[in-house]
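Good morning, and thank you for coming.

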Amino acid sequence: MTPTAGPSGDPGRHETPEERADRRWTDLLQELRVAQMGVQILFGFLLAVVFQPRFAELSDTDRNIYVVTVMLGSATAATLIGPVSYHRLLTGRRLKPQTVAWASRMTVLGLVLLFCTMCSTLLLILRVALHNSVALWLVGGMAVWFLACWFVFPARALARSSPSDGEERAGPE
């Protein structure tokens, strides 16, 4: 669709609420596919760890980190798969704009949980690999990098954009 000037002279998309919801849902599904694939691979890895012979050698602290990591991974998977279930149960009830808004919030929450899961996984792996406090520093550095890539850079781009740079700025996709 070629952008044309709207009633107030602003270029942009001219969509009905339903068309916007359909487009946003398609965009969100693509984002969820990427996140879900990563979570499923990570979660599968975490589930297999407990069955490795070396697991019995872990310290109590490392076992506790493992349990927390598995619980975080489980919560992450549930949160990132939740929008698909929500959509499936509400399909055909003319609630797509609300479904998209809810699914978008769940996706952001899923990313926060994925951040926690990734940091916890790194902590466990690096503690076992390094056996020293360097692991905490490395995880801290990676946590800052994840935060920057996933949240800070997009927030800066949003803060620097003007309403005419993109779509409406009211609320999450």
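Let me start with a term: a residue is called buried when its relative accessible area is under 20%, exposed when that area is over 50%, and partly exposed in between, using a 1.4 Å probe and protein chains only. Helices (H or I, at least four residues) and strands (E, at least two) are DSSP runs, numbered from the N terminus.

A word on the source is also needed. This is a predicted model, in which local features need pLDDT of at least 70 and side-chain atom pairs count only at pLDDT 80 or more, while totals for chains, interfaces and linings use all residues. Residues are numbered from 1 along each chain as its sequence is written, and side-chain values use heavy atoms, with hydrogens and water left out.

Helix 1 has 33 residues and spans 47 Å from first C-alpha to last, close to the expected 48 Å; the expected span is 1.5 Å times one less than the number of residues. Its buried residues include Ala-21, Arg-23, Trp-25, Leu-28 and Val-49. Helix 2 and helix 3 are among the elements that cover these buried residues, where contact means heavy atoms within 4.5 Å.

Next, the interior. In soluble globular proteins, nonpolar side chains tend to be buried together. A nonpolar core is a set of buried Ala, Val, Leu, Ile, Met, Phe, Trp, Tyr and Cys residues joined through side-chain atoms within 4.5 Å. The largest such core here has 18 residues, and those with the most contacts inside it are Phe-55, Tyr-66, Phe-115, Cys-119, Leu-124 and Val-139. Helix 1 (17-49), helix 2 (60-90), helix 3 (96-130) and helix 4 each supply at least two residues of this core, and helix 3 gives the most, with six. A second, separate core of 11 residues includes Ala-21, Trp-25, Ala-77 and Ala-103.

Two residues of this region deserve attention. Leaving aside neighbours within four places in sequence, Cys-119 touches Val-139 and Ala-143. Is Ser-120 buried or exposed? Ser-120 counts as buried because its relative accessibility is 10%. Ser-120 belongs to helix 3 and, beyond neighbours within four places in sequence, is in contact with Ile-65, Val-68, Thr-69 and Leu-72.

Now to the charged residues. Side chains of opposite charge can pair when their charged atoms come close. A salt bridge is a side-chain nitrogen of Lys or Arg within 4 Å of a carboxyl oxygen of Asp or Glu, and by this rule the count is six. Lys-96 and Asp-22 form one, at 3.0 Å from N to O. This pair links distant parts of the chain, with Lys-96 in helix 3 and Asp-22 in helix 1, 74 residues apart.

Which residues are linked in a network of salt bridges? They are Glu-15, Arg-20, Arg-23 and Asp-27. The closest N and O atoms of Arg-20 and Glu-15 are 3.6 Å apart, and those of Arg-23 and Asp-27 are 3.9 Å apart. Arg-23 and Asp-27 both lie in helix 1, four residues apart, about one turn of the helix. Arg-23 counts as buried, because its relative accessibility is 14%, whereas Asp-27 is partly exposed at 34%.

Thank you for your attention.
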